[in-house]
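Have the sequence and the 3D view ready.

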Amino acid sequence: MALTFVLDPVIDDDLREGILALWADVSNAGGAVGFVPPVTPGEIAPSLAESLAEVEAGRRRLLVGRDEDGRVAATAFLTYNSHRLMTHWIWLYTVMVHPRHQGAGYGRALLAEAERAARGLGGVEAIRLTCRGGLGLERFYASCGYKEVGRVPNAIRVAPDDDRDDVFMLLPLS
């Protein structure tokens, strides 16, 4: 069954808890979303609060996908550039699909919905994201139309003696 997506949903306690649970489950399954396992929702909560404050201030947009049971199953944040010379592209952050749904095409659906949302923002010509090297994420994003446009070797330290590349990907919307 397909996910139901909402851009800019009402942010209430249920949504916060759903995103926290998703973020923890993705992180603890080895997902590259800013944390390394083991991590608890409590440890993630400050990062979510920061992201939601950006949404409430109008600097980010929240995209949420819910599964057939109404649970938060996927999320992404579309973030505007504040620099006047870079307002023609946006960042895509914290792209997550719950591990129980991976392999069902939900990641592609999430990216397609993010692209659709970005096209509707007016004046946005591209989406840019970064991903952690060493997990095959570059291949996934490339299969969705993104192109690798840069790489910083060993920029992400996930553990002592375990550094990963920070890979920059771009999706032109023209």
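## The parts list

Helices (H or I, at least four residues) and strands (E, at least two) are DSSP runs, numbered from the N terminus. By that count, the protein has 4 helices and 7 strands. Reading from the N terminus, the order is β-α-α-β-β-β-α-β-α-β-β.

Before going on, two notes on how to read this. The model is predicted, with local features needing pLDDT of at least 70 and side-chain atom pairs counting only at pLDDT 80 or more, while totals for chains, interfaces and linings use all residues. Residues are numbered from 1 along each chain as its sequence is written, and side-chain values use heavy atoms, leaving out hydrogens and water.

## Overall shape

Of the 174 residues, 43% count as buried (under 20% relative accessible area, with exposed over 50% and partly exposed in between, using a 1.4 Å probe and protein chains only).

How far apart in sequence are the contacting residues? Among contacts (heavy atoms within 4.5 Å) between residues at least 6 apart in sequence, 57% join residues at least 24 apart.

## The cores

A nonpolar core is a set of buried Ala, Val, Leu, Ile, Met, Phe, Trp, Tyr and Cys residues joined through side-chain atoms within 4.5 Å. The largest one here has 28 residues, and Leu92, Ile127 and Tyr146 have the most contacts inside it. Elements giving it two or more residues are strands E3 (72-79), E4 (89-97), E5 (126-132) and E7 (162-172), plus helix H3 (106-119). H3 supplies the largest share, 6 residues.

Zoom in on Ile127: leaving aside residues up to four places away in sequence, its partners include Leu92, Ala114, Tyr146 and Met169. There's also a second, separate core of 19 residues, with Leu15, Ala24, Val26 and Val39 among them.

## The largest pocket

On a 1 Å grid over the protein atoms alone, a pocket is an open set of points where a 1.4 Å probe fits, with protein on both sides within 12 Å along at least five of seven lines; lining residues have an atom within 4 Å of a point. The largest pocket holds about 940 Å³ of space, a volume filled by probe spheres set on the points, which are joined across faces, edges and corners.

Of its 40 lining residues, Ala32, Val33, Val95, Leu137 and Tyr141 are the closest to the centre. E4 gives the largest share of the lining, 7 residues.
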